[in-house]
Amino acid sequence: MRAASSLLAEAAAPAMAPPRRRGAWRRLLHNRLSALGLGLVAFFSVVAAAGPHLIPYSPVTQDLERTLQPPGAPHLLGTDEFGRDVLSRAVHGARLTLAIGLAVISASFLIGFLAGVGAAVHGGVTDEVIMRVMDVLLALPGMLLAIVVVAALGPGTASLILAMTVYNVPQFARMSRAAALGVAHQSYIEAAGALGASPGRILFRHVVPNCLGPVLVFAMIRFSLTLLTAAGLSFLGLGIQPPTPEFGAMLHASRAYLWEAPHLMLVYGGAVSLMVLGLNAMAEGFRDVLDPASG
Amino acid sequence: MIRVVEFVARRLAATILVLLGLSLLVFLMLRLVPGDPIQVYLGVEVADPTLEQRLRQSLGLDRPVLVQYARYVGRIVTGDLGRSILTQRRVGEDLLPKALNTAQLATVSLMMAVTAGLSLGTLAAARRFTLWDHVGLLASLAGISLPVFWIGLLLQWTVSVQLGLLPSAGKGGLERLILPALTLSAPSVALISRVARASMLEVFRQDYIRVARAKGLAERRVMVRHILPNGILPILTVVGLQFGYMLAGAVLTETVFAWPGLGRLIVDAIKDRDYPVVQGAVLLVGAVFVLLNLTVDLIYVAVDPRLRRSAR
Amino acid sequence: MRTRRWTVSLGLMTALVLGGLVGPGAGQTPADTLVFVQGADVVSFDPHRTVELVSGNVNDKIYERLVVLDEKGGVQPRLATQWAVSPDGRTWTFELRRNVVFHDGTPFNAEAVRVNFERMLDPGLRLPTAVLLGGVSRVRAASSHTVVLETREPFGPLLYNLTHYSIAFISPRALREGVDVARQPVGTGPYRFVSWIPKEAVVLEAHPRYWGEQPTLRRAIFRAVPDGTTRTVMLETGEADIVANLPVQDVDRLRRRADLQVVVHPFNRVVWLMINTQRGPLRDVRIRQALNYAVNKQAIARAILRGFAEVPCSVVARATFGYAKSECYSYNPSKAKALLAEAGYPNGFEVRLFSTSGRYLMDRETVEAVQGQLAGVGVQVRLNLMEWAAFLSSTRRPPDQAEHDLALWAFGPATNDSDFVLATNFHSSAWPPAGNNRAYYRNEQVDQLIMEARATVDDSKRKAMYGRLIPMIMHDAPAIFLHELKQIYGVRASTGGLTFYPIEIVGITGARKMR
């Protein structure tokens with residue numbers, strides 16, 4: 001504990017450096033981390049947007065005579081267990097996977113953040129009701145949720161998004177509530193209240209900006225975990241319907257071929273890792289840059 | 001003190017409502033979903049409507065759903081969770097050992113995740129923008145770049161097959177706990193370390209920290225009195241959430257390592273539409289979540305005295 | 001500086017904890033114990049309560065039946081030493097083996113058999129085994145070791161049905177005393193029950209008073225490991241002596257290892273894509289034949305099942321009693337297109353295919369390949385992969401509510417008799433929801449022949465009738481006949497003496513281990 005607290009004390013030192021005034025964008029690009037993140041995210045966005053038009057192979061056309069081919073010509077990244085072009089599947093998969101992740105996280109962020117911050121700021125009965133509903137949602141098994149949604153909407157991308165959103169909302173709510181609680185009782189907020197600022201103004205001018213950081217970082221990690229949740233659903237036989245290329249399902253399928261065709265795992269796993277890295281580096285970069293105290 | 005007791009009492013009362021709501025929700029969801037426990041039990045070889053109807057009657061599955069639910073609640077009150085449709089074993093009897101297995105895995109895994117996550121996160125915050133910070137990011141992200149079944153397979157292959165150090169799967173002594181616990185902790189390490197870094201940096205910039213320093217307070221005192229309590233809430237929340245999910249049963253880890261825990265029990269029961277087992281397990285998980293969240297909320301109050309006012 | 005010391009000590013601690021545990025390692029199983037790893041756990045030790053295979057494989061060691069299948073799939077005596085059937089085909093007399101005792105010491109005799117049959121047939125107990133005993137009306141003990149079974153009508157498949165692992169005998173004393181046999185099984189088999197931790201392991205030990213040859217290995221442990229890749233790992237580390245359902249992708253790699261062997265054995269499970277014969281273009285037999293020609297079964301068997309499947313030329317598997325070779329529907333896309341055009345669908349149409357994922361060997365991969373191949377003749381397939389329970393109920397609706405055009409369906413009769421396959425899957429009385437005829441197939445001549453064969457107790461005559469019946473069904477093509485699976489086991493090279501059957505049961509009494 002001694003060692004830990006002195007370590008924490010040291011942690012404060014850099015933050016004491018006086019802020020240098022620079023444009024946010026310049027700082028963003030100057031920060032190696034965020035530059036890396038931005039670069040990767042830009043790369044994947046371009047790939048997702050333009051890639052499908054550049055690759056000559058379809059992601060779904062099979063060739064059972066040429067399955068599990070290693071990278072080379074004519075299939076640059078080889079073929080999968082059905083002889084489909086891996087590069088094409090990866091590129092189409094990136095598009096769908098990013099879209100799903102984005103939809104799930106923005107929806108759960110929006111709902112969860114509003115619910116959590118609302119609960120923290122209102123307190124009392126509102127807080128109780130919101131958070132107890134979130135407790136119920138937390139305890140629902142994800143798989144049951146997925147089956148129910150599929151039963152209601154039929155299998156497909158929409159069901160996947162809805163199920164994973166419901167799964168994520170209570171986490172965002174708890175997270176945002178905790179972050180908001182940390183600032184809601186600070187003296188400057190109470191001072192603002194005493195000076196007659198409206199609750200809405202207090203909320204959006206003071207509470208939200210001061211608790212957004214951890215929630216944002218949390219959101220990016222959840223974004224990454226969503227890619228893996230999709231893989232987990234495929235593992236349980238509830239993933240996306242074939243032959244749609246989606247990274248979760250492809251990661252799951254590639255596991256059986258680790259020894260015969262390691263390129264499948266390297267390509268899909270590598271792509272997911274880079275996506276995860278890019279998104280998180282970008283989020284943390286943003287956080288650092290937007291932080292007025294950052295140097 | 002009295003306020004805290006009141007707060008706990010109120011929350012415990014709310015727990016009953018939460019569990020009632022949860023059980024009704026799960027009850028309805030299970031019956032809304034396609035699939036019939038009797039068909040699963042009889043399998044592909046026996047398809048006989050008369051036998052199916054008789055089985056359904058004997059289990060009370062032919063009654064209206066709300067009647068079934070009322071009877072279920074009636075039995076729950078007396079402590080009877082019913083019997084599995086598939087195995088006819090008592091639900092409570094199977095639930096408890098599996099929950100203990102899960103608790104064992106979750107505890108070890110959480111300890112690993114908190115140790116690694118806090119170290120990485122604090123280090124990254126303290127040595128911000130240095131190599132340490134970047135290494136911390138990469139190390140924690142490694143845990144969420146690959147799905148659990150990949151990490152598990154890679155660990156099994158290197159540690160068990162190649163090095164012959166630890167057994168690959170199944171339940172047993174501590175040596176069978178390490179690989180699954182490691183696998184299960186991977187995403188939590190990422191979450192904890194990143195949130196720890198972010199929330200500590202969030203605190204560093206607050207005015208009162210500057211004020212405290214300007215007052216000439218010793219750094220350690222600033223840390224213990226101001227930074228830690230203020231930055232800890234999000235970290236605590238993440239730890240609580242992750243622990244909750246681990247306690248609810250990590251089905252992928254349990255499947256890959258053939259660990260007989262709650263996650264597999266629930267997922268198998270959902271697959272088999274074994275209603276009483278799913279319902280009993282979800283009730284247990286619900287109670288765990290509620291108590292865990294209550295504990296986390298109590299710790300909030302303990303570390304952050306100002307919150308006591310809000311615990312009216 | 002302090003930071004570094006802190007990190008270093010943490011690292012040291014971790015190393016110490018890990019180091020202390022290195023001792024046991026992965027290791028090997030004990031010399032007197034067989035560790036058998038299966039994909040699932042036992043559901044019940046009451047053989048009359050469960051007709052499912054994983055339980056069957058374990059109960060097969062604890063309990064015995066009157067007759068059993070041999071390695072080729074024929075009938076062999078077990079607790080019955082001989083039998084005879086009356087000329088009218090309605091009375092079967094079984095002579096029972098003497099000096100057989102249950103694990104609790106109760107003698108096995110005609111009375112024990114009678115009590116067990118009475119239990120299986122008791123409607124109040126709602127036991128699924130009753131369905132297998134369809135025609136049996138009365139069972140009586142003619143003498144201490146002679147049992148007579150009477151059937152309402154002559155019932156040809158009776159003997160094969162009696163080989164089913166569910167028609168097994170429980171100690172009458174245990175039943176009388178109300179022992180919960182679902183958890184405390186008491187049989188006459190070579191192994192007796194020791195313990196069961198659900199989803200973990202079943203432990204059995206040799207029954208010292210077994211009438212036959214004593215098991216070589218004193219103990220047998222059955223472990224439930226759902227993930228195939230993990231089962232392979234356990235075989236590689238030596239934690240398992242035999243694993244069932246080895247993933248096909250691992251076979252080549254394991255075959256290169258001297259300490260492991262891969263056992264491939266014929267299986268009587270056939271996989272079909274049932275065609276909903278009551279819907280749209282699929283009502284036309286030419287269309288159904290076209291679908292059969294359009295699917296490249298050879299390529300699927302080779303590329304996806306890695307050769308661990310045979311292309312079927314029959315409704316039933318080669319090992320099944322009554323097998324007759326018929327139309328093979330070899331891959332012929334131009335013929336498929338011609339048939340489609342002839343039937344008025346030159347540009348194809350769209351169908352919905354319902355399938356499970358992960359239930360049968362490479363099922364998802366198979367239907368994905370079918371989807372690709374049918375697209376080649378213009379038939380667009382919309383896949384609907386579902387989990388098992390949802391699949392079972394969504395494909396078991398009355399024909400006017402059916403949603404599937406095609407449904408993946410696999411059947412491996414545990415009795416190894418064609419009657420079981422044809423009557424439950426292709427007789428019109430088995431249309432869902434009454435039964436498993438998910439093709440809603442009806443051919444009155446076929447219906448009649450199935451029932452005639454069933455009423456024939458002379459097995460050579462019965463076989464000849466299936467020889468006429470099977471080509472009729474193949475011609476009507478109520479299904480795309482995809483493949484006949486094989487069983488794949490991974491076994492430690494040091495383990496020998498196992499016996500394999502065309503159903504997923506492995507005999508372990510002769511198992512031995514070399515060091």
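Predicted model: local features only at pLDDT ≥ 70, side-chain atom pairs only at ≥ 80, totals over all residues.
Two residues count as in contact here if their C-beta atoms, placed from the backbone, lie within 7 Å. In chain C, the buried residues of helix H2 pack against strands E1, E8, E9, E10 and E20.

**Helix H2 of chain C**

- H2 of chain C runs over residues 53-62 and is mostly covered, with nine of its 10 residues buried.
- The buried set is C:Leu53, C:Ser55, C:Gly56, C:Asn57, C:Val58, C:Asn59, C:Asp60, C:Lys61 and C:Ile62.

**Where chains A and C touch**

- On the chain A side, 20 residues are in contact with 22 residues of chain C.
- Sorted by class, the chain A side comes out as 12 nonpolar, five polar and three charged residues.

**Cis peptide bonds**

- In chain A, the bond from A:Ala73 to A:Pro74 is cis, with omega near 0°.
- A:Pro74 sits in the loop between helices H3 (32-54) and H4 (86-122) of chain A.
- Chain C has a cis bond joining two prolines, C:Pro432 and C:Pro433, with omega at about 5°.
- To locate C:Pro433, go to the loop between helices H14 (418-425) and H15 (444-454) of chain C.

- B:Gln88 isn't a glycine, yet its phi is positive, at about 60°.
- You'll find B:Gln88 in the loop between helices H4 (65-77) and H5 (91-126) of chain B.
- B:Gln88 has 15 other C-beta atoms within 10 Å, so it is partly exposed; the buried label takes 20 or more.
- C:Lys199 is another non-glycine residue with a positive phi, near 65°.
- C:Lys199 counts as buried because 24 other C-beta atoms lie within 10 Å.

Terms used:
Residues numbered from 1 in each chain as written. Chains lettered and ligands numbered in written order. Nonpolar A, V, L, I, M, F, W, Y, C, P; charged D, E, K, R; others polar. Buried ≥ 20, exposed ≤ 12 C-beta atoms within 10 Å, placed from the backbone. Helix = DSSP H or I, 4+ residues; strand = E, 2+ residues; numbered from the N terminus.
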